[in-house]
Each structure stands twice: as C-alpha cells, then as structure tokens.
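Biologist: Could you walk me through this model with a few questions and answers? I am new to reading structures, so please go step by step.

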Amino acid sequence: MKFSVIFEAQLTDPTPEREHQVIRDSVEQAVLAEEMGFDRIWAVEHHALKWYAHMSAPEIFLTWVAAKTSTIRIGHGVVCMPFRFNHPVRVAERAAMLDLLSGGRLDLGAGRGGTVQETSLCGVDRDRTTQEVEEALRIIGRAWQEDELEYHGELIDIGPHPILPRPRQTPHPPLFLACSRADTLRQAAELGVGALVMGFAGPESIAEMREAYDTAVAARTGDRLVSTVVNDHFSVLCPTIVLDDREQARRIGTRGQRFFAQSIGHWYGGAGIPDEAVDGSVDEAAAMRGAAEQVVARLHEQNIPVRPTATATFNADHAYGTADDAIAYVERLRDAGADEIMCLIQMGTVPQEACLETIRQWGAKVIPYFRGSAR
C-alpha cells in the first residue's frame, strides 16, 4: 500500500499575505513528507475558488517541490482537462517536461473543474466537460507514444505535429481520473486509468466504490482504453490529524474538515461563506451535524434531491486522534480495497505545526506499521 499527501491550499481570511504563506507552508509539508517516507504528493487544480482551493497553478507548485526533493513522486491530482482550461497538447508538453526534470516521478490525473465559478471564468461549456476530459486523456496517451500526434475527434481536430519533449517514464507517466460517483469509476475503469477517489463517506462507501471499479475493470472490452498501458491503481482520500493528544487532534481535525465542507459547499452548492471563527469551546461534532442539516435544508428549498453523498463531507469518522487511531482507520480503508491512502491534512483552519506534526507521526508510526518496520 502507498501513502501520499494531497494539497488544496485552503485558507481562512485569504489576504495576499496569508495566501502566500499557505503556499510556502504546503511546500514545507511536501518536503517533510519525503523525509518521513511518504510515496507521493498530489496537488489539485482549481480556479477562483476563494477559501476552498488557492492551488491554481499546480504545475508550478509541483515543479518547485520536485526541485527540493529527490524520491517522492509528484502528482497532478488533478489537471482540469476541459480544453478551455488546458489544451491537451499543452498538458502533455508541460507534464513531460516536469517528468523529465524530476527524473521520472510524475503521475497525471484528470478532472472536470466543473463548478459554475470555474467554468464561467474560462468560458468552459459545462455540458461538454465529461467528454472533453476523456478526449484529452486519449490525446495525451497518444501524444506520448507517437512520433507525430494526429487526432481527429468529435470535439477537437489536431493535424500532425511532434509533441516535445518526451517524458522520462516510458511509455509515459501513469494516468488517473478523479472519481466521486459510480459513473466516473466506471469511466476510469473502461479508460484504463487509475481512480482518485475523493469521497468523505468512509470505509463502507469506499468498499462499494472499489467493487464498482473492479466490476467495470472485469467487464471492459478494451475499446475505450486511452493508452497501451493500463493503470488500475485505486487511491482513496483520508482526512487526518494525528497528535499525541487524541482530543486535541480530533478537535483540530474536525474543525478543519468543517471548514473544508463549508467552503466546498459554498462553491458547489450555493452555501454561505464558510464560518471562519475558531472557538476552542465549540462542540465540533455538534457543529458538523448542524452544518450538515443546513445543507439538507437548502437542498429541500431548491427542490434538489437529497442523496447520501450530499452530506458526506460532514462525516467526521476519519483518522483524527493518535497514531493508533490512524492505524485502525487505515486498516479499515485497506480492507475496503485501498491501494493508496491520500492524506488530507492541510485544511483551512489547521495550524501549520499540526500539519507538520501529523506528517511526522504518520512517518514515524503509521506508515512503518504497514510496512513492517519502525523508524
């Protein structure tokens, strides 16, 4: 099993000074992750999502981290693939350059960037995003394996051109797709790319998603594969704060997740501005339940069906507590079918020292437990 850290670059009170600091803090965390034995980092791509994600240029962030490290893998988790965000040939060129300069450490994930806030910024046709993501993956897979790329598809037409440079990894870096629903899991399996499962619903939901993915892998005919290389890697999100003080870790982690849920709800569901107040006396479990109830009420007001996933981000049953608590939770994720644990540590209200200490605790106690060694 692999272990990674994923970065959104979230922050409360996003002044320019605090924004600059959170990016520097994320770099510090990424460098420490290599030192503590993590296998990979992932960086998202989002645009104009104030509070929720200030990581708008992950290719620059990842290049900076790659230059400061030597072994940890560098993951786009993910590139927004609709063509008006990123032309697929430009993605192939930039990613190949990063793979080359990092010594073959790149992983490339694809996603839609489907919020109204983001698509309206770049003039993206929201009705075409799913098709454009798939077509982009197909173009990139071919661009890295052919002397000259020529592509004539339903959505884009590219005459013959060499795509330069070529990546260090042969035939190319592993490809992934962001997955949060059964249909994207099926799509990833049929395309032959790994699944980056971004859900908060917990191990039971992960087991169902793994079953859906494996069923689609077993049933695929190969006619939709985007490359000659198949990647069936299944990575799952794991929100976590680990400290010696269990209650402090749970309080910090749950508060950070509440900010995460409120900020994502603001852009994906029309919720209000996230509550940035931090009060040590607040019952965070009760606050999470209250926030989830508000989401359900808003959905009812807008006549939107309330699905089980609607309040998943408010589920606080994650790896918050001591290293032993984290180990027990990871065992549940492993048993559910996780090939990789993507640690979500950097949430808007979490102090930098708690992020760094969590990475240290995972490296000293949690990761060695699953590898049969101790630091």
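Modeller: Happy to! A residue counts as buried when its relative accessible area is under 20%, and as exposed when that area is over 50%. Keep in mind that this is a predicted model.

Biologist: Thanks! Is Thr12 buried or exposed?

Modeller: First find Thr12 in the loop between E1 and helix H1. Its side chain has a polar contact of 2.9 Å with the side chain of Arg18. The relative accessible area of Thr12 is 11%, and the cut-off is under 20%, so Thr12 is buried.

Biologist: Which residue stands opposite Ile341 in E11?

Modeller: Strand E1 runs parallel to E11, joined by 5 bridges, and there Lys2 stands opposite Glu340. Strand E9 also runs parallel to E11, with 5 bridges. In that pairing, the residue opposite Ile341 is Val236.

Biologist: Which helix gives the largest share of the lining of the largest cavity?

Modeller: That cavity has a volume of about 30 Å³. Its lining includes 4 nonpolar residues and 2 charged ones. Strand E3 and helix H3 each supply at least two lining residues. The largest share, 3 residues, comes from H3.

Terms used. Residues are numbered from 1 along each chain as its sequence is written. This is a predicted model: local features need pLDDT of at least 70, side-chain atom pairs count only at pLDDT 80 or more; totals for chains, interfaces and linings use all residues. Side-chain values use heavy atoms; hydrogens and water are left out. Two strands pair if DSSP finds at least two bridges between them. Helices (H or I, at least four residues) and strands (E, at least two) are DSSP runs, numbered from the N terminus. Buried means under 20% relative accessible area, exposed over 50%, partly exposed in between (1.4 Å probe, protein chains only). A polar contact is a pair of N or O atoms within 3.5 Å; within protein, one must be able to donate a hydrogen and the other to accept it, and residues adjacent in sequence count only if both atoms are side-chain atoms. On a 1 Å grid over the protein atoms alone, a cavity is a set of points where a 1.4 Å probe fits but cannot get out, and a pocket is an open set with protein on both sides within 12 Å along at least five of seven lines; lining residues have an atom within 4 Å of a point. Grid points are joined across faces, edges and corners, and a volume is the space filled by probe spheres set on the points. Ala, Val, Leu, Ile, Met, Phe, Trp, Tyr, Cys and Pro count as nonpolar, Asp, Glu, Lys and Arg as charged, and the others, Gly among them, as polar.
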